[in-house]
Amino acid sequence: MNSGHLLLLGMGGTIAGLASDPSKPMAYQAGQISVAELLHEIGLESDIGHVEAMQVANIDSRHMTEELLITLGWAVKAGLEDEAVIGIVITHGTDTMEETGVFLHATLGKLASHYKKAVVLTGAMLPSNADHADGPLNLRAALYLAKEAKDTEQYGILAMMAGKPCLARDLSKQHTHALDALVVNARELDGPIHKRQADLSLPGEAQWPWVEILTSHGGAKGELVDALVAQGVEGIVIAGTGQGSVNRVLAERLVWAAQMGVAVVRSSRTGAGAVFSEIPEPDTAWNWLSARDLSPPKARIALQLALLEANSRKTEDWQSIFATI
Ligand code: SIN
């Protein structure tokens with residue numbers, strides 16, 4: 001039996017959303033009710049013990065900012081370091097949950113494992129007042145996952161959606177409205193996975209590097225690359241076709257961008273699977289890097305963190321840091 005309490009951090013999202021007509025749940029506003037209200041609605045105190053609710057933000061996650069990611073990161077760190085907190089749950093919009101997931105995994109995953117605590121991201125695909133709202137079930141399951149982490153040894157930065165627990169790093173939204181949109185291709189949870197010896201530093205005030213995502217498609221033009229380089233972009237993630245292949249017109253300008261010092265990472269726009277090094281593009285010769293199993297939005301956050309870390313530590317290049325996320 002664990003003593004201590006759970007910490008519930010609210011970020012907003014559909015789980016805190018309201019539809020003007022509950023029978024038409026596709027039309028709603030995200031981030032309308034507080035995380036304390038969500039907790040109150042599921043009425044769990046008797047079997048889960050005390051849960052401390054803290055509202056960090058109440059937004060539609062499409063409006064997530066780097067400042068908010070940092071605020072959330074420091075709130076999670078404080079919770080992990082607090083002996084009275086046995087686990088943390090974060091309610092978050094599903095649209096960018098995978099980005100927050102990879103951010104927390106890279107910066108706080110080792111710390112969470114060190115303290116044998118779970119940080120569980122959850123959200124909902126239906127607003128809180130929809131007839132069959134999925135939020136209450138997801139929140140309940142996430143709280144139990146966080147509470148039991150020490151006993152089950154499932155700690156680290158996790159997620160719980162549609163009854164499926166997974167590593168938050170494995171989240172990837174692959175459907176516009178299915179209830180399991182984020183976890184449909186996530187691996188089963190099988191203990192924490194960390195390739196790094198230590199967490200990456202939690203960004204502070206520092207300016208995050210400017211990294212954009214460019215999609216490869218038939219009829220691609222290279223001018224966008226030229227414009228971005230002229231404006232000072234520091235990294236470009238390619239959302240390539242299939243295995244991360246790139247239209248030759250775009251590829252030519254991106255090879256030039258890499259020569260100009262822009263960090264270029266090649267991912268796939270397909271939504272699932274991995275992009276392997278050198279297949280089908282010659283990454284080494286072009287000074288690009290493959291994103292492996294990171295989706296374009298996750299690769300963007302990972303590249304920002306890798307560039308930040310490489311700039312501050314100067315002992316490791318961004319490529320070797322990126323490869324460990
Ligand atoms: C959001 O990401 O905040 C809106 C969509 C959702 O939570 O499902």
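A: First, a word on naming: helices (H or I, at least four residues) and strands (E, at least two) are DSSP runs, numbered from the N terminus. This is a predicted model, where local features need pLDDT of at least 70, side-chain atom pairs count only at pLDDT 80 or more, and totals for chains, interfaces and linings use all residues. Residues are numbered from 1 along each chain as its sequence is written, and side-chain values use heavy atoms, with hydrogens and water left out.

Now the contacts. A polar contact is a pair of N or O atoms within 3.5 Å; within protein, one must be able to donate a hydrogen and the other to accept it, and residues adjacent in sequence count only if both atoms are side-chain atoms. The side chain of Thr 14 has an N or O atom 2.9 Å from an oxygen of the ligand. Asp 95 uses its backbone instead: an N or O atom there lies 3.0 Å from a ligand oxygen. Taken alone, the ligand exposes 250 Å², and the protein buries 97% of that. Such areas come from the Shrake-Rupley method with a 1.4 Å probe; for residues, only the protein chains shown count as cover.

The ligand takes up the space of the largest pocket. A pocket is found on a 1 Å grid over the protein atoms alone, as an open set of points with protein on both sides within 12 Å along at least five of seven lines. A molecule sits in one if more than half of its atoms lie within 2 Å of its grid points.

Look again at Thr 94. It lies in the loop between strand E5 (85-91) and helix H4 (97-114). Its side chain makes a polar contact of 2.8 Å with the side chain of Lys 173. Why does Thr 94 count as buried? Because its relative accessible area is 3%; buried means under 20%, exposed over 50%, and partly exposed in between.

Strand E5 also holds Ile 90. Its relative accessible area is 0%, so Ile 90 is buried.

Tyr 115 lies in the loop between H4 and E6. At 31% relative accessibility, Tyr 115 is partly exposed. Lys 116 is in the loop between H4 and strand E6 (118-122), and is partly exposed at 39%. Lys 116 has a positive phi of about 55°, though it is not a glycine. Most residues other than glycine have a negative phi, and most peptide bonds are trans.

Further along, Glu 188 sits in the loop between strand E8 (164-167) and strand E9 (211-215). Glu 188 is exposed, at 62% relative accessibility. The peptide bond from Ile 279 to Pro 280 is cis, with omega near -5°.

Definitions and conventions. On a 1 Å grid over the protein atoms alone, a cavity is a set of points where a 1.4 Å probe fits but cannot get out, and a pocket is an open set with protein on both sides within 12 Å along at least five of seven lines; lining residues have an atom within 4 Å of a point. Buried means under 20% relative accessible area, exposed over 50%, partly exposed in between (1.4 Å probe, protein chains only).
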